[in-house]
Amino acid sequence: MAYSIFTYSIMKNPFLRIGLLAATSFSLLTATGAKAETITESTNLREANVELFDLFNGLVNAERLALDETNLPELSADSLYWDQIGSDIDVFFINEGAGYRNQLLYSMNGGEQTLLFEDIASTESIRRETARQIRKAENQIAKLGAAIADLKGEIESGTLTEQEQANKERQLANKQARYLERTESLVVEKTLGDNGVGTMKLGDGKSIGGLSGEIAFDFFLKQDGARFADGDIYGADPTANADGLQHLVARELQYEGDNWVLLGFEDLYGPHTDDGGTSDRDFNDVVLAVRGLQGDRPDTVKVPEPMSVAGLLVFGAMGLAQTRRRQNAS
Ligand SMILES: [Ca+2]
Ligand SMILES: [Ca+2]
């Protein structure tokens, strides 16, 4: 599997400033004194600062997230907390590589999970749904309908042998079951945004405001939650995930005085195919950038996991060593 460490070249060091727009407060609220958090639409990050958006989006590959420890040091995804610099945190959708229609939820200080993005799908993403797929499903259903009508005609014609009659009835039941299944599936699909193809634009964001005090943030992906209410929920705590594996990677970036965390979710259950599972473990199924969070560097070696995560940990160890050398030198 291809694994490009550098997918963009402008970023030669961790805190390089790359030409900025004026700092913008995206929050529509003044949070001072507010007791409960509020969720508001943010200005689209790609519209507000295309260079920063491109920096994040440049890390999203079709195969996997191309994460580089030197430029984007790893954070423990279960250690994120509000930096208390702004009045809110801003969560931006960067890209998605998912066939599922995933949802994003968050919780504060271990409290209840709140839905933030209800259907993470975009016609601009690396794995986009298109109107062509809807039309293809409609055509398949139309063909099945025609075949069912033909079979019924033959069965009712009275010209078949007993054996032929039994065969045709079996075929009819088969096609009717497929017709029902595909029709139901298409009905669900069409309830999704923009007649099934998804409405999110890359860079769309939401602000969680009204924050005060020390707040730990956890993020969760609900697998295919826009289609099905009972999807698995995956977060940063492997022991809380159905397969016991890590499903979220976090990286930090400081940019123009803001603390950013890049989050990459894996939405497939189980180990990598190389390890006998069925997942690609590419962590690019939902990719987000969050402003206003900090976190802790991993301080312990985790239980060895499938190839992809093992690879990230190797880069993590190298990057930490480099960071320490820089700190010692300065
Ligand atoms: Ca998709
Ligand atoms: Ca995946």
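Predicted model: local features only at pLDDT ≥ 70, side-chain atom pairs only at ≥ 80, totals over all residues.
Which elements cover the buried residues of helix 2?

The protein chain has 330 residues, and 35% of them are buried. Its secondary structure consists of five helices and 13 strands. Among the contacts between residues at least 6 apart in sequence, 75% join residues at least 24 apart.

Let me now return to the opening question. The cover over the buried residues of helix 2 includes helix 1, which spans 45-48, and strand 4, which spans 89-95. It also includes strand 10 (248-255), strand 11 (258-265) and strand 12 (286-291). The buried residues themselves, within a helix that runs over residues 50-57, are Leu52, Phe53, Leu55, Phe56 and Asn57.

Strand 1, residues 38-42, pairs with strand 7 in the antiparallel sense over five bridges. Within that pairing, Thr38 stands opposite Gly209 of strand 7. Strand 7 is also joined to strand 4 by four bridges, and these two strands run antiparallel. Here Asp90 has Ser207 of strand 7 as its bridge partner.

Why is strand 7 described as largely enclosed by the rest of the structure? Strand 7 covers residues 205-209, and five of its five residues are buried, so the description follows from that count. As a general point, side chains in a regular strand alternate between the two faces of the sheet. In strand 7, Gly205, Ser207 and Gly209 point one way, while Lys206 and Ile208 point the other way. All of these residues are buried, Lys206 included.

At the other end of the strand order, strand 2 pairs with strand 10 in the antiparallel sense over two bridges. Glu74 stands opposite Arg251 of strand 10. Gln254 stands opposite Asn259 in strand 11. Two residues lie between the strands of this hairpin, and Glu256 takes a positive phi near 50° there.

The next topic is a second open sheet, with four strands in the order 6-5-8-9 and antiparallel pairing. Its edge strands are strand 6 (114-120) and strand 9 (233-234), and each pairs on one side only. Strand 5, residues 102-108, pairs with strand 8, residues 217-222, over six bridges. Ser107 has Asp218 of strand 8 as its bridge partner.

Tyr234 lies in strand 9. Is Tyr234 buried or exposed? Tyr234 has 28 C-beta neighbours inside 10 Å, and a residue with 20 or more is classed as buried, so Tyr234 counts as buried. Leaving aside neighbours within four places in sequence, the contacts of Tyr234 are Phe220, Leu221, Gln223, Asn241, His247, Phe265 and Asp267. The C-alpha atoms of Tyr234 and Glu266 are separated by 8.3 Å, although these residues are 32 apart along the chain.

I finish with a pair of helices. Two packed helices are described by the angle and the distance between their axes. The axes of helix 3 (residues 131-156) and helix 4 (residues 162-191) come within 9 Å and cross at roughly 155°. That angle makes helix 3 roughly antiparallel to helix 4. The crossing is left-handed. The residues of the contact between helix 3 and helix 4 comprise 11 nonpolar, six polar and nine charged.

Notes
Residues numbered from 1 in each chain as written. Chains lettered and ligands numbered in written order. Buried ≥ 20, exposed ≤ 12 C-beta atoms within 10 Å, placed from the backbone. Contact = placed C-beta atoms within 7 Å. Pairing = 2+ DSSP bridges. Axes fitted to C-alpha atoms, helices over the stretch in contact; angles between N-to-C directions. Parallel < 35°, antiparallel > 145°, perpendicular 65-115°, else oblique. Left-handed = near helix turned anticlockwise from the far one by under 90°. Nonpolar A, V, L, I, M, F, W, Y, C, P; charged D, E, K, R; others polar.
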